[in-house]
Amino acid sequence: MMNVQNNKFKLLLAAGAVSMALTGCGGSDGSDGNPGNPGGPAADAIEVLHLDVTKVEYDNGTPTITVFATNEEDLPVIGLKDIEVKKVVQLLPQGATGAGNAAEWQYIGSQKTFTDHKDGNYSFTIEVEGYNPELTQRYNIVAKASTLLDGVTLVPQTEIAEDFSGEGYEPLYTKNVVSTASCNSCHAEGQKIYHGYTSVETCVSCHTQELADDKGKTQVAFNHLIHNVHNDAKMYGRNMDKSAETAHHIVQDNCQTCHVQSDELTEWGNWSRVPTMETCTSCHVNIDFEAGKGHSQQNDNSNCVACHNATWTAELHSQASNDKKALIDQYGLNVESTIDADTQAATISVQVVDASGAAVDIAGLLPMIQRIEIVTNVGPNNVTLGYGGKDSINAIKNGVLDAAAKIEEGKLVYTTSKDLQLGDEGADNETAFTFVGWAMCSDKGEFVNCDDPAFDGKDTDQYTGMKADLAFATLSGEAPSMRHVDSVNFTACASCHTTEFEVHKGSHHAGFVLSEQLSHTKDANDLPIIGIDACVACHTPDGTYAKGFNKGALEMKLHLVHGEQGIIKDCAQCHNDFNLDAFKAKGAFATSAVEVAPHVYETDGYSTPIAATCLSCHAADEENSDSVKAHVESQGAIINGAKDVANDAAQLETCFYCHAPVIEDHTAVKM
């Protein structure tokens with residue numbers, strides 16, 4: 001028999017708080033569900049573990065839940081040993097803990113002990129404290145990465161959270177502001193985010209406001225913590241010694257990166273609808289509400305919404321990112337390049353186009369153009385001129401046209417001045433490729449004239465990076481050589497960085513954004529493929545400005561940067577395929593350098609391309625780097641040798657005789 005245990009919020013709840021703006025969603029309908037498959041085949045391998053709460057029953061206020069486990073083939077999984085009800089929480093409605101307060105999850109129990117019914121069903125009887133049948137209960141179940149009872153069959157980490165009414169049926173209301181799918185746009189699906197857990201629902205179930213109040217630490221609550229760890233306004237962590245600089249650089253104060261409107265998230269708009277001191281102080285660190293510092297004095301959240309209504313709050317926090325997107329979308333570039341047969345110089349013409357694709361006279365925009373940088377290199381697959389040998393120019397800077405460039409018929413025209421050293425017809429180094437990035441001076445959502453004499457590009461708030469373009473040309477006039485774009489598609493980059501992310505924005509570069517303007521390849525469905533091949537105009541095999549010191553070749557740099565910052569957990573986060581044949585067109589990479597003067601480096605070692613690419617991740621582990629190097633050298637690789645030696649050996653590496661990496665398992669070998 002069900003026994004209703006009312007908690008201290010009974011009076012508030014009786015007043016009808018549950019009928020507030022929270023709406024129903026998700027959960028089970030309380031039916032018995034799939035009872036398993038007694039006598040049928042059981043899973044003998046588990047690539048994917050599916051969990052579902054199929055039954056919730058109460059006896060005198062004590063819930064017993066049944067969890068059904070299956071693998072990717074819908075076969076029941078028998079013999080789980082590391083599965084638990086991590087948390088049982090119930091939802092105190094908005095205003096229940098105090099006027100103006102957001103809805104809050106309240107911890108009421110957990111359970112590690114269970115009964116395995118040997119048919120895929122597992123039941124947990126959970127001692128709960130403070131259970132209230134008028135509230136929504138959430139059961140957070142975690143199966144840890146482990147094995148079955150046989151000690152052999154691997155089980156992947158799996159987490160679910162399912163909501164039910166106080167009687168075990170579909171809940172009348174719940175709180176789901178941000179989805180795990182939003183988190184997975186940056187954090188690899190199924191890989192731990194923190195504390196070993198992989199879903200936002202698990203995080204929310206632990207990091208409650210109740211826990212923060214008990215510890216006397218506001219930063220523990222999820223609504224404060226999650227903003228803190230994605231914004232570097234202040235440090236975070238157990239000892240307040242961790243910085244969110246990397247995450248902040250990616251998110252760039254764009255609330256809509258995480259707060260995505262979705263029919264599956266009934267409370268997605270909660271972030272602007274229910275402003276609270278606890279949430280706001282995660283980013284606005286110069287405010288002390290109780291002391292009246294930086295804000296009118298207040299002791300609670302009861303008056304927040306009086307000023308901070310939902311529309312105004314959403315507009316205030318979205319305005320900057322929306323303005324930037326609107327500016328970026330106003331214009332694009334169409335870049336063309338031709339080679340003079342006599343001088344072998346490339347002439348590049350840059351046509352600005354509006355949102356409809358119509359040509360725009362660049363002379364009219366000239367006073368507002370912060371920079372147009374034109375970079376030309378040779379050999380898309382095995383870049384020959386290197387970083388120092390490339391032809392590059394800021395053809396326009398702060399509204400001033402460089403003397404080496406001109407405007408003809410509304411286009412910016414520039415002819416390269418360096419010897420491009422073009423190769424024979426059909427060779428990779430017969431192709432010259434040009435990357436053009438640009439930025440426009442801007443203020444408060446509008447383009448403005450670049451008339452500040454002190455402006456040097458370091459104040460990045462004074463301009464907006466715009467869409468870039470890439471052009472190819474050959475001496476013979478035949479089809480150019482193209483770098484492969486089927487290993488990493490820019491959509492993978494944009495899923496985390498967004499299409500408004502301004503690459504290399506600062507005093508040296510325009511902060512260009514990568515977009516459909518860069519598409520020069522079509523897929524099987526005749527849809528444009530936007531690669532990241534433009535980056536090799538600077539990220540050459542010889543490195544970049546610091547030469548071998550920073551392992552600047554694109555194949556290494558991306559692994560290094562994302563690996564050092566703990567972003568890479570799974571190859572599939574970035575790779576849509578591994579084009580192993582691409583290595584057949586590559587030469588040696590600069591991998592080692594010496595400092596010849598303060599902050600000045602000279603390359604003193606080159607490595608064969610496959611080994612260099614692999615070592616960009618594996619050599620980061622100093623404990624194992626020597627053994628990895630010894631292994632690759634035994635397979636014909638050269639590590640930190642002379643450039644000509646490494647170049648000669650570039651096609652002699654035998655790595656792929658045994659290794660057959662795929663994005664699902666880059667350690668795969670041929671048997």
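Predicted model: local features only at pLDDT ≥ 70, side-chain atom pairs only at ≥ 80, totals over all residues.
Figure 1. Let's pick out one member, Glu72: you'll find it in the loop that runs between strand S2 (62-70) and strand S3 (83-92). Is Glu72 buried, exposed or partly exposed? Its relative accessibility is 33%, so Glu72 counts as partly exposed.

**Figure 2. A look at Lys192.** This lysine sits in the loop between helix H2 (180-183) and helix H3 (200-206). With a relative accessible area of 54%, Lys192 is exposed, because the cut-off for that label is over 50%. Which residues does Lys192 touch, once neighbours within four places in sequence are set aside? They are Tyr197 and Thr198. Gln157 is 35 residues away from Lys192 along the chain, yet their C-alpha atoms are separated by 8.9 Å.

**Figure 3. Helix H14 and what covers it.** Helix H14 takes in residues 554-564, and its buried residues are Leu554, Glu555, Met556, His559, Leu560 and His562. So what lies over these buried residues? The cover includes helix H13 (490-497), strand S25 (589-597) and helix H15 (609-618).

**Figure 4. Stepping back to the whole chain.** Of the 671 residues, 48% are buried.

Terms used: Residues numbered from 1 in each chain as written. Heavy atoms only, no water. Helix = DSSP H or I, 4+ residues; strand = E, 2+ residues; numbered from the N terminus. Buried < 20%, exposed > 50% of the residue type's maximum accessible area, 1.4 Å probe, protein only. Contact = heavy atoms within 4.5 Å.
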